[in-house]
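Here is a short walk through a structure. Please keep the sequence and the 3D view at hand as you read.

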Amino acid sequence: MATTYRRKPTKAELRRQKMEELVMYPLDWLEERSGLIGGIRYFLFRNVPADINWMQTLGSAALTAFLVQAITGVILAMYYVPSAATDPHTGNPVAWESIVHITDDLTLGWLVRGMHRWGASVFIILMFLHMGRVFLFGAYKYPRELNWIIGVLILVMGMMEGFTGYLLPWDQTAYWATVVGINLNGTAPFLGPWLAQFLRGGQEISGETLTRFYSLHMLVIPGAIIGLITLHLYLVIRLGVTSPPWSKDAAGMEPEEEEPARLRPGLTRPVPRPSGASAMQAEPGGRE
Amino acid sequence: MEPEQPTPDTERDSLHTEAHLPPPTLWPIGFAIGVVLILVGLVINPLLISTIGAAIAIVFAILWARDATAELRGEPIVVEPERREMTEAGEGMTAPPADQQGVALVQVPETAVTRSVFLEGATLGLGAAIGGLITLPVAGFMVLPSFLGQEQHKVDLGPIEKFPLGKWFIATFIVDPTQGEVSRRTAFIRNNGNTANPQDPSQQVPSFTIISNRCAHLGCPVQANGPIGQKYTGTPSFKEHTLTGPAEFKSVTPAGYGCPCHGGQYDPEGNRIAGPPVRALDRYAFEINHGRLILLSTYSVSHVEGTGAQAKIYKYKSVGPGEHVDGPEQVFYPINPPHH
C-alpha cells in the first residue's frame, strides 16, 4: 500500500471541521443514548428499487395532506365552539357564528379554514390516487396484502373524518347532509337503527350530535388514523417498496451485486460523516 | 489512611450469609384490611369504624414488623420444608438424580404451574381486570345515553278553536325548549271536526290529522305542494306563543307533499305515491287538554285508507326513515332502539 502524504489542513478546513464537530456532538449524544438518529437514517435512507416511479410518491403526498389536516385542525379547534345554542344577540347558532368569526374576523383565519376545508378533499383524492397506483402496480400482492387492508381502513377513517367534519359549520347544508347521512346508516339491516341512534346521540339530531361529531372528528378518528398510518409505514419499511410492473428486475430474483454505496446517487447516498462521527456506530459506552 | 468502612454490600453480607427472601407472612393482609377500614370509616363513621381500622392496622403492622425483623433480632426462623409428591419410579421415568450434596432433586410434574407462569398469568389477569374496570363504565357512558332516558316532549299548539274545520296548516314549533332552535319541527295539521270516540261511540271527540314532515326515505323535510298563505287559500295564517314556546301556522292547500332531497312524493294523507320512500309519512299522536291541542310522540304509518276522521291508519311503532314497517323487508329491522 502506497504511503499517503497529508498536507496540513488550511484554516478554512479547520474551521469547517470544528463546525461539523459542533453539529455532530449533540447528534452523537442523542444517538448514543437513544439510537434515534440511526433510526431516522434507517427510515429515510433505505434502499429502494432503482426504477421506482414518481407515482410512488403518492403515499407520501397523502401523508403530507393528513399532516396538514392535523395541524390546521388543531389550530381551528382553538377558535371553534361546538355549540348548537343560539346566540342571544344575533339569533344564530354559536357554532356557526364561531366559523364566521374564524373566516371573517381572525387574521389569516380564512386561509387556515380554507386549507382545512379544501385539504380534506385533497387528502381523500390523494388516498384514492395512491390506492389506484398500488392496485395498478400490483403492489397489494404477497407479502403486502395486510398493508392493503390497513390502507383501506385508513381510507374508511378518512371518509368518516369527512362525514363528521361536514356537520361542524352547523348550517343548513351541514344539518341536512348529516340527517341524510345518519339515516342512510340507519337503513342498514339489523343494527342500522342502533348505529343511527348512537351517532345522533338520541332519537333526534340535537346539540349532542354536534358535540359528539366534534369529539369523533378531532379526537377519536384522528387517533385511529395515526395508529393505522404508523402500522402502514412500519410494513412499508419492513417489506420495502415494490418495483414498477415494467421493471427489468424480475420479482424473486437474487439482487445484482451492489455497487459501493458512494457511487449511487440520490437518497441512498450516505450522509458525509466528519471525523467526529465515528461514535455513531460505536457500542454504548464504547466511545473512542 | 482511614480504616476501610464497610460498604453497604459487605454490611448486608455480614448479616445475611446466604441470599434468600424473607419468609412468607400473612400479616400484611390484616394490615391492608385495617387500612381499608380506616378509609371506609372516613366516609361512613370516622369516630367508630376508622378507630377500629386504625387499631387493626397498628396491631398487624407491629406483627408484620416483628416477623420481618425476626432474623435481625436473631430469632430462629421456622420454615416449613418444601415437600412435593414424588412420582412413582417406573412408567418410563428414571429415578430422580441426586446432586453433589446428596439432596434428591425433585421431578416437578409437568402440570405444575411454575412461579413465572403464575406471575405472568397474574399480571395479564390483573391488567385485564383493571382495564375492564376502567373501560366498561366509559364505554357504557359513551353508548347508553343515546338509548336510555329519552324523554317524551309534549308540545302545546294552542286552543283547538284556532283551527278552522277541514283546513290545512303548516305548523312549526319547538319540541324541546332547552334544546332551542335545533329542536324545531314541522307538521301538517288539519282539523277533521268531531267524530265518535272509538272507545265509547256515544261520545264525540275532536279529530286531527297531524302529519310529520320528516320524509320516510332519509328524513329530509317534505314540502307541501300547493299555495301557501291567506291570499291563495282564503284562510288566515297565525302565530301563537304557547305554553311550550313559539309556534307558527301557515295556511296551505296541499295537493300532496314532495321531498326536495330525492324526489319522494306523497298524497295529502301522507301515502307514498312516487319515489324512494318506503312507507307513508309519520304522524303525531295528540291529546286535547283543556281545549288545547297537545302533540305527543310520532308513530309510523305503512299506509292510510280513506281520509279525515274516517281514515283507517295502519299504525306501527315509530321507526327511523328508510325502515320498512310492513312487507318482506321488515325482517331486516327486527329490534328497534327504545323510543318514547
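A salt bridge is a side-chain nitrogen of Lys or Arg within 4 Å of a carboxyl oxygen of Asp or Glu. By that rule, A:Glu204 and B:Arg214 form a salt bridge through their side chains, at 3.9 Å from N to O. A:Glu204 sits in the loop between α8 (192–200) and α9 (207–239) of chain A, and B:Arg214 in the loop between β4 (204–212) and β5 (223–224) of chain B, so the pair joins two chains. Helices (H or I, at least four residues) and strands (E, at least two) are DSSP runs, numbered from the N terminus.

Some ground rules come next. This is a predicted model, in which local features need pLDDT of at least 70, side-chain atom pairs count only at pLDDT 80 or more, and totals for chains, interfaces and linings use all residues. Residues are numbered from 1 along each chain as its sequence is written, chains are lettered from A and ligands numbered from 1 in the order in which they are written, and side-chain values use heavy atoms, with hydrogens and water left out.

Stay with A:Glu204. Its relative accessibility is 36%, so A:Glu204 counts as partly exposed. Here buried means under 20% relative accessible area, exposed means over 50%, and partly exposed lies in between (1.4 Å probe, protein chains only). A:Glu204 also forms a salt bridge with B:Arg185, where the closest N and O atoms are 3.5 Å apart. On the side of chain B, the side chains of B:Asp282 and B:Arg279 meet in a salt bridge of 3.1 Å, N to O. Both B:Asp282 and B:Arg279 are buried. These residues belong together: A:Glu204, B:Arg185, B:Arg214, B:Arg279 and B:Asp282 are linked in a network of salt bridges.

Now take in the whole interface. In it, 29 residues of chain B are in contact with 25 residues of chain A. Contact means heavy atoms within 4.5 Å. The size of an interface is often given as the accessible area lost when the parts come together. Between chain B and chain A the buried area is about 2,300 Å², and carbon and sulfur atoms give 58% of that. B:Ser146, B:Val182 and B:Leu218 supply 23% of the area that chain B buries against chain A, more than any other three residues. Buried area is the accessible area (1.4 Å probe) that two parts lose on being put together, summed over both.

What crosses the interface of chain B and chain A? The rule finds two salt bridges. It also finds seven residue pairs in polar contact, both residues being at pLDDT 80 or more. By class, the side of chain B that touches chain A has 16 nonpolar, nine polar and four charged residues. A polar contact is a pair of N or O atoms within 3.5 Å; within protein, one must be able to donate a hydrogen and the other to accept it, and residues adjacent in sequence count only if both atoms are side-chain atoms. For the classes, Ala, Val, Leu, Ile, Met, Phe, Trp, Tyr, Cys and Pro count as nonpolar, Asp, Glu, Lys and Arg as charged, and the others, Gly among them, as polar.

Turn to chain A. Chain A has nine helices and zero strands. Buried residues make up 31% of its 288 residues. A:Gln56 has 13% relative accessibility, so it counts as buried. Its side chain reaches the backbone oxygen of A:Thr242 at 2.6 Å. Leaving aside neighbours within four places in sequence, A:Gln56 is in contact with A:Arg133, A:Phe137, A:Val241, A:Thr242 and A:Pro244.

Chain B has another salt bridge to visit. B:Arg283 pairs with B:Glu269, with the closest N and O atoms 3.1 Å apart. B:Arg283 lies in strand β11 (residues 283–289) and B:Glu269 in the loop between β9 (265–266) and β10 (272–274), so the pair ties together parts that are 14 residues apart in sequence. B:Arg283 is buried at 3% relative accessibility, and B:Glu269 is buried at 6%.

The structure holds 22 aromatic pairs over all chains. One of them joins A:Trp170 and A:Tyr175 edge-to-face, at 6.1 Å centre to centre and 80 degrees between the planes. Rings of Phe, Tyr and Trp (its six-membered ring) pair if their centres lie within 6.5 Å; planes under 30 degrees apart count as stacked, over 60 as edge-to-face and the rest as tilted.
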